[in-house]
Amino acid sequence: EFDLGVFIAHMQMASQGDGAVELFLKSYDIEHSIDNDLVYQFAGIEILRRLLGVAQLPLSISVGQKRKLITQAKAWISK
């Protein structure tokens with residue numbers, strides 16, 4: 001779940017969209033049993049870590065896009 005969460009977080013920060021994330025998880029879950037809530041909680045933590053923490057990424061996105069990602073991350077962590 002940790003690795004999937006980190007991957008999904010980076011997909012979101014790269015503006016891949018929810019459709020790509022859902023397709024990835026659906027394809028992955030065919031072969032493996034995963035806890036989707038835990039995956040999204042890890043994804044939320046990774047987004048916050050990469051936008052607000054010491055390990056920030058030099059993303060070329062607007063403040064509004066960052067705000068949207070932070071809001072999404074907080075919702076995922078609260079699941």
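The largest pocket of this predicted model holds about 210 Å³ of space. A pocket is an open set of points, on a 1 Å grid over the protein atoms alone, where a 1.4 Å probe fits and protein lies on both sides within 12 Å along at least five of seven lines. Grid points are joined across faces, edges and corners, and the volume is the space filled by probe spheres set on the points.

The lining of the largest pocket consists of Gln12, Met13, Ser15, Gln16, Gly17, Asp18, Ile61, Gln65, Lys68, Leu69 and Gln72; lining residues have an atom within 4 Å of a point. At least two lining residues come from each of helix 1, helix 2 (17-29) and helix 4 (63-77), and helix 4 gives the largest share, four residues. Helices are DSSP runs (H or I, at least four residues) numbered from the N terminus. By class, the lining has three nonpolar, six polar and two charged residues. Ala, Val, Leu, Ile, Met, Phe, Trp, Tyr, Cys and Pro count as nonpolar, Asp, Glu, Lys and Arg as charged, and the others, Gly among them, as polar.

Residues are numbered from 1 along each chain as its sequence is written. The model is predicted, with local features needing pLDDT of at least 70 and side-chain atom pairs counting only at pLDDT 80 or more, while totals for chains, interfaces and linings use all residues; side-chain values use heavy atoms, without hydrogens and water.

The packing of the helices is set out below. Axes are lines fitted to C-alpha atoms over the stretch in contact, and angles run from 0 to 180 degrees between N-to-C directions.

| Helix pair | Angle | Axis distance |
|---|---|---|
| Helix 1 and helix 3 | about 50° | 7 Å |
| Helix 2 and helix 3 | about 135° | 13 Å |
| Helix 1 and helix 4 | roughly 155° | within 11 Å |

Angles under 35 degrees count as roughly parallel, over 145 as roughly antiparallel, 65 to 115 as roughly perpendicular and the rest as oblique. Helix 1 and helix 3 are therefore oblique to each other. Their contact (heavy atoms within 4.5 Å) involves, among others, Phe2, Leu4 and Ile8 of helix 1 and Val39, Tyr40 and Phe42 of helix 3. It comprises 11 nonpolar, three polar and two charged residues.

Helix 2 packs against helix 3 at about 135°, and is oblique to it. Here Val21, Glu22 and Leu25 of helix 2 meet Asn36, Val39 and Tyr40 of helix 3. Four nonpolar residues, one polar and one charged make up this contact.

The axes of helix 1 and helix 4 cross at roughly 155°, which makes the two helices roughly antiparallel. Ile8, Gln12 and Met13 of helix 1 meet Leu69, Gln72 and Trp76 of helix 4. This contact has four nonpolar, two polar and no charged residues.
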